[in-house]
Amino acid sequence: MLSRAGTGKTTPMSVAAGKVSDSEKQVSTSALLDVRDLSVSFRDDAGWVQMLNNVAFTVKRGETLGIVGESGCGKSLTALSVMGLLPKRGCRRTGAIVFDGRDLAALGESGMRQIRGRQIGMVFQEPMSALDPVFTVGDQIAETVRTHFPVSQREAKERAVEALASVRIAGPANCATQYPMSLSGGMRQRVMIAMALVCEPKLLIADEPTTALDVTIQAQIMELLLELGQRTGTALLFITHNLGLIAESCERMIAMYAGEVVEDGPVESILQRPLHPYTAGLLESLPGRRAPKSRLSSIPGRVPSAREMPVGCRFGPRCNYAAAACQEPQRLRAVDDRHVRCVRASDLALAGAGV
Amino acid sequence: MTAIAQKPAMVAVPRRSRASRFLRWMRSDIRAVLSIGFLLLLVLVSFAAPVIAPYPPNDQNVSLLLAPPDAQHWLGTDDLSRDVLSRLIYGAPNSLYASFLAVFVAVLLGVPAGLVIGFVGGWFDEVASRFIDALLSFPPIVLAIAVTGALGIGLTNAMLAVGFTFAPFLARLVRAQTLVVKSALYVDASRGFGASTPHIIWRHILPNAIQPVIVQVTLALAVALLAEAALSFLSLGVQPPSASWGGMLARAYNYIEIAPEQMYAPGMAILLTALAFNALGESMRVALDPTMKRR
């Protein structure tokens with residue numbers, strides 16, 4: 001395990017410490033969020049185990065970036081790292097997270113509090129439990145406003161009602177006086193979105209915002225997120241395991257596997273011609289792409305546990321195209337308009353979405 | 001904004017004023033109304049004792065020792081020929097003061113301790129919880145006797161001791177609740193919206209953890225009342241000639257063969273008050289349960 005960590009790491013500390021200020025100016029004009037060499041390890045009884053390995057990506061201003069991957073690939077962990085919400089104990093984070101020209105990794109807890117909610121909003125996966133049951137939703141939104149703006153209670157309440165109206169809740173003033181338990185899942189997720197956007201953040205992280213909702217509501221919520229993002233110029237980091245949603249909503253996407261980015265590029269070209277067998281497998285697994293009543297396809301096996309990570313390509317053991325070269329650790333290489341972590345990227349012809 | 005009218009899903013329910021909602025709640029829970037009414041009456045009696053008591057509490061009429069109830073003395077007279085009704089009335093403030101003091105001390109010590117222990121967690125929780133276990137192993141009355149022995153005999157000292165023995169119970173309860181609440185997603189979500197740790201503890205953890213505590217507190221009031229009675233019975237509480245229900249019961253106990261009716265008045269007062277606190281606690285539990293919150 002130690003040897004692998006040694007080969008994979010490109011001294012992330014140096015990135016965090018020295019080189020940031022140089023590239024900052026150049027970065028701040030183009031990218032809103034620039035995550036570089038983000039690695040996260042957790043400690044348990046058996047020692048440190050690395051959950052994220054040199055994750056790197058950027059989100060431009062106003063852009064919608066999708067992160068896709070199976071459960072346990074590190075998607076949510078990436079989001080929590082950006083928010084600085086990783087547990088304090090038994091957790092180690094290296095690398096740089098440059099947001100709007102500032103390295104969040106170097107900010108202290110009080111600095112992060114200024115960012116959270118104000119600059120970066122977050123919508124959680126479980127709208128059923130992400131709202132405090134003992135306060136009305138209006139109070140909770142108003143509280144977020146008052147955390148970041150010196151406004152009166154009354155003004156905060158008014159802004160809460162406006163925010164509820166902006167997420168198309170019928171009767172927002174009435175809804176503001178409701179307790180979360182009297183709202184449906186879809187309504188609660190709207191409330192969460194209203195809460196995340198009430199301070200007009202520059203970036204909204206939506207961690208599987210529609211997973212807990214039923215399909216008809218999913219479409220509405222997605223539409224709402226995209227529309228609000230466009231109207232307010234908020235960039236959207238959209239985390240999902242549903243490639244279909246990404247196809248509909250994002251401009252660029254990254255596919256994550258076992259704590260690594262495996263493919264990174266424009267959605268359209270990735271869907272047409274995936275370069276990484278894992279991305280192709282995800283595409284293949286979408287229901288509805290095959291003849292009716294035929295067996296749904298799936299990727300065999302499952303995500304390896306962080307302790308038993310293969311030495312070579314992490315996807316290798318599940319890959320139909322694995323070759324001798326795949327026994328070596330893979331690095332992200334530039335191919336055409338994107339980055340891919342596969343040694344055979346250029347000589348494989350993988351099926352894309354049926355065109 | 002134009003989209004507001006799209007979905008008429010939620011029919012507007014007119015919000016009632018606080019007062020009318022309170023009235024509705026009263027109608028729906030007669031037990032709570034009775035117990036609150038009784039306790040309010042007690043408070044009123046406590047404040048108005050000099051006005052409504054028929055005699056001063058320590059007035060003696062030596063011709064009437066252990067007299068049975070009659071028109072002059074509705075509840076009779078005690079072994080020192082003092083009017084029992086008057087002493088009962090003058091005893092009410094002492095008994096209420098004793099209960100509230102003990103519970104106040106318990107809340108003051110127990111709730112913050114439980115919140116901090118639960119929130120910090122880790123090895124601190126381990127150490128602090130074992131310490132609480134150790135405190136819990138003290139029998140309350142024995143500890144109260146020890147404290148009054150050290151600090152001097154008197155109602156305040158006795159009830160401080162009782163409060164001290166209640167505190168670990170509350171701390172343990174609050175700690176357990178805090179452990180549950182702090183792992184709730186809305187706590188993380190609140191952090192994600194920029195809330196500070198004290199804010200999270202105060203605004204999210206405390207209100208969500210406090211409901212069983214409020215119930216416990218009302219029940220503890222009843223236990224404290226009984227503890228006061230027990231300590232006064234052991235003459236460690238209210239000192240003669242001041243009146244208290246426990247003390248009255250203790251005196252009456254000595255003459256149980258001659259004048260058994262002497263025990264009824266203070267006994268019933270203790271019983272009814274303890275019952276009222278308990279009933280109130282039960283009603284609070286139902287009323288405060290967020291999953292049972294009615295509109």
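Visitor: How many disulfides does the rule find over all chains?

Guide: The count over all chains comes to zero, a disulfide being a pair of cysteine sulfur atoms within 2.5 Å. A:C91, for instance, is in no disulfide, and the nearest cysteine sulfur, that of A:C73, is 18 Å away. Please keep in mind that this is a predicted model, in which local features need pLDDT of at least 70 and side-chain atom pairs count only at pLDDT 80 or more, whereas totals for chains, interfaces and linings use all residues. Residues are numbered from 1 along each chain as its sequence is written, chains are lettered from A and ligands numbered from 1 in the order in which they are written, and side-chain values use heavy atoms, with hydrogens and water left out.

Visitor: Why is the sulfur of A:C175 too far from the closest cysteine sulfur for a bond?

Guide: The closest cysteine sulfur, in A:C199, is 18 Å from that of A:C175, and this is too far for a bond because the rule asks for a pair within 2.5 Å.

Visitor: What makes A:C175 count as buried or exposed?

Guide: Buried means under 20% relative accessible area, exposed over 50%, and partly exposed in between, with a 1.4 Å probe and protein chains only. A:C175 has a relative accessible area of 0%, so it is buried. A:C91, with 16%, is therefore buried as well. Buried residues make up 56% of the 355 residues in chain A.

Visitor: Why is the pair A:R36 and A:D34 called a salt bridge?

Guide: A salt bridge is a side-chain nitrogen of Lys or Arg within 4 Å of a carboxyl oxygen of Asp or Glu. In A:R36 and A:D34 the closest N and O atoms are 2.9 Å apart, so the pair meets that rule. A:R36 has a relative accessible area of 14% and is therefore buried, and A:D34, at 9%, is buried too.

Visitor: What is the accessibility class of each partner in the salt bridge of A:E158 and A:R154?

Guide: These two side chains meet at 3.7 Å, N to O, and both residues lie in helix 6 of chain A, four residues apart, about one turn of the helix; helices (H or I, at least four residues) and strands (E, at least two) are DSSP runs, numbered from the N terminus. A:E158 has 43% relative accessibility, so it counts as partly exposed, while A:R154 has 66% and therefore counts as exposed.

Visitor: Which parts of the chain does the salt bridge between A:E263 and A:R338 link?

Guide: The side chains of A:E263 and A:R338 meet at 2.8 Å, N to O. This pair links distant parts of the chain, with A:E263 in strand 10 and A:R338 in strand 12, 75 residues apart. Both A:E263 and A:R338 are buried.

Visitor: How do you know that chain A and chain B are in contact?

Guide: Contact means heavy atoms within 4.5 Å, and by that rule 40 residues of chain A are in contact with 33 residues of chain B. Two salt bridges are found across this interface, and B:R191 forms a salt bridge with A:E109, the closest N and O atoms being 4.0 Å apart.

Visitor: What makes A:Y278 buried?

Guide: A:Y278, in helix 12 of chain A, has 0% relative accessibility and so counts as buried. Leaving aside neighbours within four places in sequence, A:Y278 is in contact with several residues, including A:G69, A:C73 and A:F315.
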